[in-house]
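The structure comes first, followed by the notes.

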Amino acid sequence: MQTALHSLRAYPHDVEGSWVSGRLALAACTLHTTSESYEQSQPIVTNDGQVACVFDGYLVNHEELVRDLEQRGAVFRNRSDAEVAIKAYEAWGDDCAERLQGEFALIIADQRQGRLFATRDHLGFVPLYYLREDNRLIVASDYRTIAALRPAALEPNLRYLAQTLTNRWYLREETPWKQISRLKRAHFLSFDGEALREEKYWSPSTDVTIRYKSDAEYVEHYREVLFDCVRRSSRAHYKVGVAVSGGLDSSAIFSVADDLIKNGRWLSPEMQGYSLAAPDGSNAFELPYARAAAAHLGRELRELPLFDPDIEYYTQDAKWHCDIPSPSNGAMMLTMERQVVSDGSRVMINGIGGDEWLQGHAHSYLEFLDNKDPAGFWGTLNDEVADQGLLPALKQCCRQTAVWLAPEAFREAIRGRMREKRRRDDVSLRWLAPELRQALKEAEEEFEASLPANPIEWSKVNLATTPRGDLTHSMMRRQRNRIGLESRHPMLYRPFIEFSLATPAHIKRRGAVTKVIHRQAMERYLPKKVLNRTTKANFTNAKIDHQFAEYVRAHASYVLQELCDSKGLPKILDIDFRRPEGDYWAWEIWGLYASAAFLYQANCTGEINPATGVQLDRKNQ
């Protein structure tokens, strides 16, 4: 426990604690973000001392859980999320995972049943990793703590790194370390010292069950969902930061927060808007939109420059975390995030999720055919013709109709041929070693087999379960954990996602216009400049991409030899990343650098383990 606490103390925290009972042990360093969290210290333990839990994150259905548990006879010692979670476990056992909603990770040590129980939220915002060796299981929220608790060195997982350097994400459970697994999102695990059981507790529904006769009815329902999700995200003991990029989604969050405050429904003392001040004239310059949103509300907006360090920051930060380096577009937010903390806040709300769940998909014709709705079918065709012209609209309409008419076996055969063609044409696979190319192909086939065959259902389930989301959430969580900031994502809460899944595509996308109902719902809250915006910022960074490329050129011959085909690497390393053509390959050059930097650190001899300060001689181990 002292080893675990030594590692966890490196993160900003208010209190720390540990608990040991027989074969079970828990440790936690807790940062308070809600007024309720001040009422408890973790690990939190039942009155009989037989069950203990550690909890990271927060619950969005806190009110409903307290009410339901009290109706079942639960007596609360305090109203902290950790207390609610342990009472939920006592009341519902494994089923508590499905009932808890929010952004959280939970570990419970149950001496009554002689087991460890762990779960995390539906999209995996808060990471949980585990390492099993015989009858020993280590579960932690970061790699460095697991590395500290394992006496032998960890080995790099080349299969995971293969997807990193090709930017092809298929592995849900694997991590950069061969011995460490990720507890999958929307899953729980149970371990009694012999059997490890892992089960899914939530799956995205694919049925369209919400249908109204008018846009006005959809708008009213959507607005209720959005306002409620933003309200729930505001539960904090200090004022909350709100990220305002100037995009439609973050500006909507900002305006909804302002309305909630004016109507006495905001759950923290106040809020402050923050925006990234990219250089004027750059592709990332969005300040005119963010300023318009702030001016419309009569609110101050704090403008912070992009965080733009040299490559050494990325390399050393990854070494500290025992992980691959973060992408530059996420790191760009660090100056702003530090300012939020400096201003006294510990919570920052953002509009991430709108692009995923408000854009809609291109399969609206299929929905109309499935529901035998000719009026909707022809109405959509007319809209598409008006926006795109006759031939493009007819092409899309005929293609979806042909898919709908085709037998499933025929559709699967076409999908298989398309995947094979994409692999043949995929330039990024050409610099991957042949055996890893095959491993990645097998991972893709396994991932595709887990998705529904129906195109509409495929797009919905893929969006909710894509492994790329694990990369994004874990990277941003670790960046903010290190400075003592908790991010919240109301547009990714389960009620928000479930509303999107249950509503038809045509209310989200019509012709070239996306986020249709969202725009209508925000008409009286946003200025026209923001409401009618159709552009997106581009946060590529030629300076750091060039440094990434230089690092790979310098290290590839001996660090990437197991991962890469040396004949294929020049196809990307010959690119001048200081020029615009380098933007197209930004993710691939980051992946090559991230893999090279990770392997270089992992293979160093005499390395100091950053979590413990212990010298590791990896050759002898």
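## Cysteines and strand E4

Cysteine 53 counts as buried, because its relative accessibility is 0%. The model is a predicted one. Cysteine 96 is likewise buried, at a relative accessible area of 0%.

A search of the whole structure for disulfides returns zero. Cysteine 53 is thus in no disulfide, and the nearest cysteine sulfur, that of cysteine 96, is 9.6 Å away. Seen from cysteine 96, the closest cysteine sulfur is in cysteine 53, and 9.6 Å is too far for a bond, as the cut-off for a disulfide is a pair of sulfur atoms within 2.5 Å.

Strand E4 spans residues 51–59, and eight of its nine residues are buried, so the strand is largely enclosed by the rest of the structure. E4 runs antiparallel to strand E3 and also antiparallel to strand E5. The pairings are listed below.

| Strand paired with E4 | Residues | Bridges | Example of facing residues |
|---|---|---|---|
| E3 | 44–45 | Two | Isoleucine 44 opposite cysteine 53 |
| E5 | 102–110 | Nine | Alanine 105, partner of aspartate 56 |

E3 and E4 make a hairpin, with five residues between the two strands. Glycine 49, in the turn, has a positive phi of about 75°.

## Surface patch

A nonpolar patch on the surface is formed by Phe410, Ile414 and Met418, whose accessible area together is about 290 Å². Methionine 418 belongs to helix H17, residues 408–425. With a relative accessible area of 48%, methionine 418 is partly exposed.

Conventions: Residues are numbered from 1 along each chain as its sequence is written. This is a predicted model: local features need pLDDT of at least 70, side-chain atom pairs count only at pLDDT 80 or more; totals for chains, interfaces and linings use all residues. Side-chain values use heavy atoms; hydrogens and water are left out. Buried means under 20% relative accessible area, exposed over 50%, partly exposed in between (1.4 Å probe, protein chains only). Helices (H or I, at least four residues) and strands (E, at least two) are DSSP runs, numbered from the N terminus. Two strands pair if DSSP finds at least two bridges between them. Patches are made of residues with over 30% relative accessible area and no salt bridge: like charges are joined within 9 Å, nonpolar side chains (Val, Leu, Ile, Met, Phe, Trp, Tyr) within 5 Å. Accessible areas come from the Shrake-Rupley method with a 1.4 Å probe; for residues, only the protein chains shown count as cover. A salt bridge is a side-chain nitrogen of Lys or Arg within 4 Å of a carboxyl oxygen of Asp or Glu.
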